[in-house]
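Please look over the structure below before reading on, and keep it at hand while following this report.

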Amino acid sequence: MEKSKTVFHGSDLEKIEMYYGIPKEDIISFSANVNPLGLSDAFRNALAGQLDVITSYPDRDYKKLKNAISDYCHCNQEHVLVGNGSTELISLIIRLCRPGRAVVLGPTYSEYERELLLAGKSCTYVTTREADQFVLKEESLTTCLCEEISLLILCNPNNPTSSLITRKQMAHILEVCKRFDILVMVDETYMEFVPDTDSVTAVSLTDSYDNLVVLRGVSKFFAAPGLRLGYAITGNGPLLSAVSDKQNPWAVSSLADAAGQLLFSDKEHIQKTRDLIGAERARMEQALSAVDGLKTYKPYANFILVRIIKEGLTSSDLFDMAIRRGLMIRDCSSFFAPDSSYFRFCFMLPKDNDRLLSCIREFLA
Ligand SMILES: Cc1ncc(COP(=O)(O)O)c(C=O)c1O
């Protein structure tokens, strides 16, 4: 098989190591969308002191953890569910929603479709358009909704386009969905990277719309994908009970329980992350838009979608060139198949971003 045709996921460092012979420690992952600051020293030290929590089962109701989440998200503690990564909650919610078709706003994260198909549900994509910079035109979505649909899945900000649905748009979508009894699952995995998160997040809408469930996790913003801690917020009583009933007991480990409580209150690190990503997002967007042969789309998350518009060059060619320098970007061919002109990368530390920028410039020179 030709090397440049294989598409690697953000978490595929072991595969890359085997394929290219580059030790995974030498690879900077611009494709996993994880906060480059990693863990704070304060968190690391505090958690190390709590290692003995693993000698007991966690609290089955996760009261303290849910309390920490409700403080962090400004929501009712009774409306919080916790899970083994947001992945577990995506899966449970899909399996529990009433029979019917599901609509997914694409192009987006592929796990929704995989889970829908595993649950035996059909999945219809409504897609945002390149001509609209992948920004949602509400009517194109709302006019497709009807009684036969039981679930609408939105990722906000969206992976891989980094585009944003405003709260006003979200409220309108929820209103239309309420009429048709459609549950709306909003995946806010990347919401905390957005400028002014509090004014955009759909969390506050869970008080007025019981057909809404918002998903989040600590994998990206808190740089803890190995912890496997996700949460959901919903005012939907039957859904809250159904998830709790179906979920395996102790789905979140006592270490993740303790770690979550520390992470959500690490205010200094939260602010540091927001400042770094905000600055690098503005700087990188500006630098890339000045490169001939590229088109950028306005990013709101901690990553940017870019299109190569120079004849004869593809995203897999760029992937290949970058990985040989230890820089792993995401070739987006799988999101936009058969188009192979899109790539995505997340903002890392300024010196690493500069290395990637030089590589991209050389690629297009
Ligand atoms: C949009 C989106 N949702 C969910 C996940 C998975 O999150 P978790 O690690 O919390 O299961 C990812 C991971 O890449 C993602 O991009």
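Predicted model: local features only at pLDDT ≥ 70, side-chain atom pairs only at ≥ 80, totals over all residues.

With 12 C-beta neighbours inside 10 Å, Asp181 counts as exposed.

Gln133, which lies in the loop between strand 4 and helix 6 (138-142), also has a positive phi, near 60°, and is a residue other than glycine. Is Gln133 buried or partly exposed? Gln133 is partly exposed, because 14 other C-beta atoms lie within 10 Å, whereas a residue must have 20 or more to be buried.

## Two cis peptide bonds

Most peptide bonds are trans, but the bond that joins Asn156 and Pro157 is cis, with omega of about -5°. Pro157 belongs to the loop between strand 5 and helix 7 (167-179). A cis bond also leads from Ala337 to Pro338, where omega is near 5°, and Pro338 sits in the loop between helix 13 and strand 13.

Seven strands form an open sheet with mixed pairing, and their order is 2-8-7-6-5-3-4. Strand 2 (80-83) and strand 4 (123-127) are the edge strands, each of which pairs on one side only. Neighbouring strands of this sheet are turned against each other by 20° on average, if direction is ignored.

Strand 3 (residues 101-106) is mostly covered, since five of its six residues are buried. Strand 3 runs parallel to strand 5 (residues 149-155), to which four bridges join it, and it also runs parallel to strand 4, with five bridges between the two.

Another open sheet has four strands in the order 9-10-13-12, and its pairing is antiparallel. Its edge strands, each pairing on one side only, are strand 9 (294-296) and strand 12 (330-331). Helix 11 (residues 267-289) packs on this sheet and touches strand 9 and strand 10, while its direction makes about 145° with that of strand 9. Strand 10 (residues 303-308) and strand 13 (residues 342-346) run antiparallel and are joined by five bridges, and the bridge partner of Val306 in strand 13 is Phe343.

## A helix with a buried side

Which residues of helix 12 (residues 315-323) are buried? Ser315, Leu318, Phe319, Ala322 and Ile323 are buried, and they lie on the same side of helix 12 because they cover an arc of only 125° around the axis. An α-helix has 3.6 residues a turn, so residues three or four places apart point the same way.

The domain assignment divides the protein chain into domain 1 (3-30 + 268-364) and domain 2 (52-265). The centres of domain 1 and domain 2, taken over C-alpha atoms, are separated by 26 Å, and the contact takes 17 residues from domain 1 and 14 residues from domain 2.

On the side of domain 1 that touches domain 2, helix 11, strand 10 and helix 13 (333-336) each supply at least two residues. The residues of that side divide into eleven nonpolar, three polar and three charged.

Terms used:
Residues numbered from 1 in each chain as written. Pairing = 2+ DSSP bridges. Contact = placed C-beta atoms within 7 Å. Axes fitted to C-alpha atoms, helices over the stretch in contact; angles between N-to-C directions. Domains from an automatic or database assignment. Nonpolar A, V, L, I, M, F, W, Y, C, P; charged D, E, K, R; others polar. Arc of directions from axis to C-beta.
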